Amino acid sequence: MPDDFSGTVDDILQNEHLLTQAQLEAIEREIKSSQPLTSHLLPISVLAQQYKADDTSNINDDEQCGFARAASFLCGKYASLRKVRGDGNCFYRAFLYAMCERLLSRRLDHRNDDDDDDAEFRRVKRTVVDSLKWICRQGYDEYTIDMFHEELVDLFDFIERASSETSSKEGIDDDHTKAVPSENVMQQLHSKLNEEHAASDYCTWFMRLMVAGQMKSNPDRYLPYILVENYNDVHSFCSREVEPMGKECGMVQVSALAECFGVRVVIEYMDGRMGLGGERLAHHVFGGEVDDDSDVNKEERTSITLLYRPGHYDILY
Amino acid sequence: MMRNNLGAAKRLRKELQSLEKAARNDESDTDIYLRPTSSSSLLHWTALIKGPIDTPYEGGVFRLSILCGTDYPLAPPTIVFDTKVFHPNVHFGKGDVCLDILKKEWSPAWGLLSACRAVLALLSDPDADSPLNCDAGNMVRAGDKLAYWTTAEMYTLENAFFIAWPTEEIAIKKKS
């Protein structure tokens, strides 16, 4: 009798465990089917509309007004928005997309300049290519991570190839046909980064490793920030908060990735706290200081702008 | 370029190569034997693990069945005990394992071998707060070490003493 009873409890517990697991998976599937990895470019007005439409909801009024004010402020400052899937990887994915897009469009703009050697592209690509070696020095097995690295290198090869191919194909009747092929190339990048279980996921995870590697090789720099989050060492922070896919990212990860790439990340913080008299939104810049020995000066460095709303990042233009 | 299951196959092939290389150099883990279940698919693996010393599982050899999805290694493998085992975090009937690194703490930097090591560590260090086997969980939580130990040991004797460890076979093969 007691045996039967405890067996039942065991089954209930097991079922509960499966249920939450199933619920989580259902939410994941829902997000996956309703949100693309990275959306098409949307007019910034969708932001204002979203907070207007929510007018009747029960959220604290002050906060709601703060969001609406922030939205109208952003509508005056930016032109477009690109939404990123809310699966916990949004910061890394937004960073990847925005950076690749910047680098590719820059190369396309300058493809007919004879003397443009695009030092910034070469600098970022070198950072990517060289990263595998120093990440492995932080204690990762090369055979478990090299295919993720290859995928990111492939993406940079694609950017390089795509931007030079179009310039050679034209040539004959350039001025007239120039705009269309550029768009095609950007569209190719967009499709590439929207393929499920492919480039975007693989590169996104490798960027998580770059963050972990960056933090592990400069523990003194990052330790103070993770102490606040109740971690005692960089190692355990990375294995719980950085390396698993789907783990959301805080300020430390943002600054580590920006510093690792030497890319400037501007973030507009839309958290509902913008007061009535507020002139502007809280706004932070990461990776702004250039202290490596590269010959690319500060003004030519890639800079991306992201929008932060609690728990989520999108790209601003 | 990874296309769906190509990534999984490529990675699993590398893991197999690394295991075979370790075996050739006599550097294999002494308490884990891990190989694909059959030569027809790299997605399904079998592992044998030796019950850690100073635990009620000592002396036993447990068989694990490992299934990788086509999204492996971005998603964790599913690991199930084929051998019956009495442990707070292993389902007594189905063999499911409750282990954070096989769920939301999984990272693609882990491989199948490190996942097996984590299962071994779980045998030494049960977590009574997330039990899949309530009887075992309650015994550990209540501090009734004797009850837990004797029950677990009994099931180890009953179920885990029949599987031969394959390393000797390999050693013989190598000699001949």
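This is a predicted model: local features need pLDDT of at least 70, side-chain atom pairs count only at pLDDT 80 or more; totals for chains, interfaces and linings use all residues.
Residues are numbered from 1 along each chain as its sequence is written, while chains are lettered from A and ligands numbered from 1 in the order in which they are written.

An unreviewed UniProt entry lists Cys98(B) under "active site"; such annotations may be inferred rather than shown by experiment. Cys98(B) sits in the loop between strand 4 (78-81) and helix 2 of chain B. Helices are DSSP runs of H or I with at least four residues, strands runs of E with at least two, numbered from the N terminus. Leaving aside residues up to four places away in sequence, Cys98(B) touches Asn89(B), Ser130(B) and Leu132(B). Contact here means C-beta atoms, placed from the backbone, within 7 Å.

Now follow helix 2 of chain B. Its 13 residues, 112-124, should span 18 Å at 1.5 Å a residue, and the end C-alpha atoms are 19 Å apart, which agrees. The expected span is 1.5 Å times one less than the number of residues. Which residues of helix 2 of chain B are buried? They are Leu112(B), Ala115(B), Cys116(B), Val119(B), Leu120(B), Leu122(B) and Leu123(B). They cover an arc of only 155° around the axis, so they lie on the same side of helix 2 of chain B. The arc is taken from the directions from the helix axis to the C-beta atoms. On the other side, Ala121(B) and Ser124(B) are exposed.

How values were computed. A residue is buried if 20 or more other C-beta atoms lie within 10 Å of its own, exposed if 12 or fewer, and partly exposed in between; C-beta atoms are placed from the backbone. Two residues are in contact if their C-beta atoms, placed from the backbone, lie within 7 Å.
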